[in-house]
Amino acid sequence: MATILNAQSGVGLTQTADGSGIVKLQSNGVTTNALAWVNFSGVTTVTVRAQYNVSSVTRTATGSYTVNFTNATADANYVVVGTGSVGFFVKQGVSQTTTAFYVSTAITSGVNADDIYTNCVVFGN
């Protein structure tokens, strides 16, 4: 779970906590902050430059990566927003789970390519 600060209509601010170290800010029960984010280079060997709630990133093929969460999400119904320097970023939502998601980076022709600057942000509950 997490430490949750929730601003509720008619109730005010409530707080629950479980000691996991994850903080969720909520408005009427909907999480409004990022659950996780990562900045990494995915060229041959993955190098994570900075992260929050991401335990590792693995390169599975050219331009394809698995991003693992440190703490699982409540469900797999989250959104991943991303950017990449090689052209554009593709989210492969079919395979996302509560513990990991899969991304690919591709050049504008649609061919997968390794990316030196890949950034992913996860939003959800």
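The model is predicted, so local features need pLDDT of at least 70 and side-chain atom pairs count only at pLDDT 80 or more, whereas totals for chains, interfaces and linings use all residues. Residues are numbered from 1 along each chain as its sequence is written, and side-chain values use heavy atoms, with hydrogens and water left out.

**Partners of β12**
- Strand β5 (residues 34-41) runs antiparallel to β12 and is joined to it by six bridges, with V38 having C120 as its bridge partner; two strands count as paired if DSSP finds at least two bridges between them.
- Strand β9 (residues 79-84) is also antiparallel to β12, again through six bridges, and V79 has F123 as its bridge partner.

**Nonpolar core**
- The largest nonpolar core has 16 residues, and those with the most contacts inside it are V38, F40, V57, F101, C120 and V122.
- Such a core is a set of buried Ala, Val, Leu, Ile, Met, Phe, Trp, Tyr and Cys residues joined through side-chain atoms within 4.5 Å, where buried means under 20% relative accessible area with a 1.4 Å probe, protein chains only.
- The largest share of this core, four residues, comes from β5.

**Open sheet**
- Four strands form an open sheet in the order β2-β1-β3-β4, with mixed pairing.
- Because β2 (12-16) and β4 (30-31) each have a single partner strand, they stand at the edges, and one side of each is left without a neighbour in the sheet.

Key: Helices (H or I, at least four residues) and strands (E, at least two) are DSSP runs, numbered from the N terminus. Buried means under 20% relative accessible area, exposed over 50%, partly exposed in between (1.4 Å probe, protein chains only).
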